[in-house]
Amino acid sequence: MNKAGQNKSLRHEIKSVRRAAYFFLAPALIPIFVFFFVPALAAFVLSFTDFDIYSLSNIEYARFVGWRNYAQLFKDPLFWKAMTNTLYYVLVGGPLSIAASLGTALLVNSRLIRFQGLLRAIYFAPVVTTLVAVAVVWRFMYHPRFGLLNYALSFLGIAPIDWLGDPTWAMPAIILMSIWKNFGYNMIIFVAGLQNIPAQLYESARIDGANAWEQFKSITLPMLAPTTVFVSIIAMIGNFQLFTEPYVMTQGGPVNSTLSIVLLMYQQGFRWWNLGYSAAIAFVLFGVILLGALLQAKLQKRGEA
Amino acid sequence: MIKSLGKFLIIGLAIIIAVVTLAPAMWMLSASFMSTGEASTFPPRLLPTRITFEHYFTLFTRLQLSRYLVNSLVLSVSVTAISLFFNSMAGYAFAKYRFPGRDRLFRFLVAEMVIPAQVTTLPLFLMLNKVGLINTYAGVIVAGIATIYGIFLVRQFALSIPDSFIEAARMDGASDFRIYWRVILPRCKPILITLAIFTFMGTWNDFLWPLIVMTDDSMYTLPVALANLTGEHVQDTELMMAGAVMTILPVMIIFVALQKYYISGIMAAGLKE
């Protein structure tokens with residue numbers, strides 16, 4: 001074959017490779033574009049309109065209002081309440097949950113434990129349960145009079161707590177339930193991280209006379225740092241989206257003590273049909289999540305340097 | 001002496017945590033077999049005095065639970081099958097095909113993962129409303145046809161498949177699709193099983209999206225129906241527990257059967273990033 005012919009067949013091949021690639025990509029990327037990317041952009045536009053229930057029947061009723069939704073939002077005490085509650089959940093619940101994950105990971109990874117696989121499966125089981133069903137069950141566990149939790153606490157001499165009826169206790173109750181529901185997931189990731197730590201490190205530490213606590217502090221924790229950062233970022237993104245627990249257990253109450261950002265977004269959007277306002281809430285949520293993720297990534301970089 | 005005390009403490013702690021972890025689920029199961037009102041006694045009863053199936057009977061007759069079970073099943077199976085197919089094709093293309101802008105496109109997609117799904121719900125609802133897909137299976141499914149995370153997982157896995165397998169199949173005259181179907185898919189089995197379990201459970205357990213899309217009672221998924229029932233039957237503890245059991249049971253069965261794949265999948269996904 002001459003050179004020109006070779007070039008031609010090569011060009012032909014490149015073209016057919018390209019065509020095959022597009023053929024494989026299109027079925028996934030077109031839906032992602034239409035049902036994820038376009039709505040995300042549209043939400044941004046929506047957040048600058050006064051789209052409401054009248055616009056639902058005729059879109060021409062919607063007008064651009066500039067930053068009005070955002071301005072209104074930042075003046076809305078309910079929004080700040082929801083933001084404070086969500087931050088409470090993220091900043092208290094997140095670290096506690098990760099501590100529980102790490103603790104149980106160390107436990108199931110301990111050589112002293114025999115049925116490691118079984119224990120791991122038991123600890124993990126709440127993760128696969130349906131959140132709505134779990135919230136329904138825990139609502140009864142938290143019952144001030146007939147609930148199992150207060151009954152168990154009564155043996156420790158603790159007086160009954162109105163978990164979901166008391167504004168002070170409602171958010172801690174939701175945090176406690178989320179820890180129970182979620183710790184198993186990150187536990188598994190920590191177990192994988194623990195198994196990746198070379199055993200020689202511990203051996204040489206033992207030879208140097210380091211006790212268990214010193215080994216944990218100077219080997220386990222530093223070696224797990226990348227895993228911890230990864231897990232914290234994922235947990236934070238998930239925790240900011242708190243919705244189902246308050247929706248099922250408290251409807252945001254009592255006195256808005258469990259109202260979360262997403263619950264507020266849902267109420268504004270799908271109960272009162274203030275879709276423009278609701279979209280602004282969604283974007284503030286997005287902004288906060290983005291900020292949090294960047295901050296954590298930056299802290300990690302600084303830790304490495 | 002100290003060593004055996006430490007061992008005793010660790011084992012004791014492990015057992016206590018296991019009991020606490022299982023307690024809510026055990027109590028749910030137990031209460032679902034109690035007769036009406038028995039769960040609301042003081043001191044709380046741990047086991048039913050007499051086992052009754054009346055609540056399960058009520059669920060399936062008067063409350064049409066089978067309807068919701070079917071809805072949940074249809075949606076979870078469809079989303080899993082469709083997204084597995086499309087995600088694996090795209091993941092394969094990103095891993096093994098050279099085309100202009102590939103890496104940039106892939107990086108762009110991965111960056112999009114920080115956008116929380118809630119941001120898209122409002123416009124997506126309006127879109128579906130416009131084309132009449134509200135209150136249909138298709139309306140719930142469209143949001144899960146393909147996922148960036150799924151594409152990402154398959155791509156990472158497919159990268160490790162040697163090119164020589166693909167070249168050999170091409171020499172034999174296999175078409176691109178045939179290579180994907182007969183060479184790539186079988187080798188991607190571990191990640192596909194993991195992804196299938198993730199997707200099935202994610203769709204089964206999802207709440208916000210079906211809550212928004214399904215406006216008619218007969219189209220509710222199990223979680224939406226259960227949340228709705230709790231509003232109406234708030235006093236009926238035992239009935240609610242039976243409903244919770246029926247909602248959790250299918251995913252629990254899958255978990256117990258496939259937990260080996262599931263757990264190793266999470267480990268792999270967690271370490272890659």
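This is a predicted model: local features need pLDDT of at least 70, side-chain atom pairs count only at pLDDT 80 or more; totals for chains, interfaces and linings use all residues.

Biologist: Where is A:Gln251, and what is its phi near?
Modeller: A:Gln251 belongs to the loop between H11 and H12 of chain A. Most residues other than glycine have a negative phi. For A:Gln251 the value is positive, near 50°.

Biologist: Which peptide bond is cis?
Modeller: Let us stay with that loop: A:Pro254 is also placed between helix H11 (244-249) and helix H12 (261-271) of chain A. Omega is near -10° for the cis bond, which runs from A:Gly253 to A:Pro254.

Biologist: At roughly what angle do the axes of helix H4 and helix H10 of chain A cross?
Modeller: H4(A) passes H10(A) in a right-handed crossing. Among the residues making the contact are A:Gly93 and A:Gly94 of H4(A) and A:Ala235 of H10(A). The axes come within 9 Å, and the crossing angle is roughly 145°.

Biologist: Which helix gives the largest share of the side of chain A that touches chain B?
Modeller: Good one to finish on! The contact takes 68 residues from chain A and 72 residues from chain B. On the chain A side, 18 residues come from the helix with the largest share, H1 (residues 3-46) of chain A.

Note on methods
Residues are numbered from 1 along each chain as its sequence is written. Chains are lettered from A and ligands numbered from 1 in the order in which they are written. Two residues are in contact if their C-beta atoms, placed from the backbone, lie within 7 Å. Helices (H or I, at least four residues) and strands (E, at least two) are DSSP runs, numbered from the N terminus. Axes are lines fitted to C-alpha atoms, for helices over the stretch in contact, and angles run from 0 to 180 degrees between N-to-C directions. A crossing is left-handed if the near helix is turned anticlockwise from the far one by less than a right angle, and right-handed if clockwise.
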